[in-house]
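Have the sequence and the 3D view side by side as you read. We will walk through the fold one piece at a time.

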Amino acid sequence: AVEATPGEVARVEVRGNTRTRTDTIAELVPRALPTTFSAFDLEELDRRVRNLGIFDAVTVAREGDALV
């Protein structure tokens, strides 16, 4: 689920991950950081993480300048 509003993102913070390397998830970010993320970019990241097929739930949120 995407719970983030479009905006400036400078870093990615992965929480609750015990099934793969954090770098694996960070590599799925569709744009180089720092950048401004559109609603499409946020949906695309959510889709990519879900497509790994190893998580029961996925939530993409923005806290300040971080995607969480």
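Pro 34 sits in the loop between helix 1 and strand 4. Helices and strands here are DSSP runs, numbered from the N terminus: a helix is H or I with at least four residues, a strand is E with at least two. The bond that joins Leu 33 to Pro 34 is a cis peptide bond, with omega at about -5 degrees. Most peptide bonds are trans.

A word on the source. This is a predicted model, in which local features need pLDDT of at least 70 and side-chain atom pairs count only at pLDDT 80 or more, while totals for chains, interfaces and linings use all residues. Residues are numbered from 1 along each chain as its sequence is written, and side-chain values use heavy atoms, with hydrogens and water left out.

Now step back to the whole protein. Its secondary structure comes to two helices and six strands. Along the sequence they follow the pattern β-β-β-α-β-α-β-β. The C-alpha atoms fill a box of roughly 30 × 20 × 20 Å, taken along the principal axes. How does the radius of gyration agree with that of a compact globule? For 68 residues, a compact globule would have a value near 11 Å, and the protein has 11 Å. The radius is taken over C-alpha atoms, and the globule rule is 2.2 Å times the number of residues to the power 0.38.

Look at contacts next. Contact means heavy atoms within 4.5 Å. Take the contacts between residues at least 6 apart in sequence: 65% of them join residues at least 24 apart. Thr 5 lies in the loop between strand 1 and strand 2 (7-9). Thr 5 and Ala 39 are 34 residues apart along the chain, yet their C-alpha atoms are separated by 7.0 Å. Not counting residues up to four places away in sequence, Thr 5 touches Leu 42 and Arg 62.

What is inside? Buried means under 20% relative accessible area, exposed means over 50%, and partly exposed is in between (1.4 Å probe, protein chains only). Buried residues make up 32% of the 68 residues. The largest nonpolar core has twelve residues, among them Ala 4, Ile 25, Phe 37, Leu 42, Val 58 and Leu 67. Helix 2 (residues 39-51) gives the most to this core, with three residues. A nonpolar core is a set of buried Ala, Val, Leu, Ile, Met, Phe, Trp, Tyr and Cys residues joined through side-chain atoms within 4.5 Å. In soluble globular proteins, nonpolar side chains tend to be buried together. Val 58, a member of the core, is in contact with Ala 1, Asp 46, Val 49 and Arg 50, leaving aside its neighbours within four places in sequence.

Follow helix 2 along its length. Its 13 residues should span 18 Å at 1.5 Å a residue, and its end C-alpha atoms are 18 Å apart, which agrees. The expected span is 1.5 Å times one less than the number of residues. Asp 41, Leu 42, Glu 44, Leu 45, Asp 46 and Val 49 are buried in this helix. Their cover includes strand 1 (2-3), helix 1 (22-26), strand 4 (35-37), strand 5 (60-63) and strand 6 (66-67).

A polar contact of 3.4 Å joins its side chain to that of Arg 31. A polar contact is a pair of N or O atoms within 3.5 Å; within protein, one must be able to donate a hydrogen and the other to accept it, and residues adjacent in sequence count only if both atoms are side-chain atoms. A polar atom of the Asp 41 side chain also lies 3.0 Å from the backbone nitrogen of Ser 38.

Just after helix 2, Gly 53 takes a positive phi of about 70 degrees. Most residues other than glycine have a negative phi. Gly 53 is exposed, at 62% relative accessibility. Gly 64 is in the loop between strand 5 and strand 6, and Gly 64 is exposed too, at 56%.
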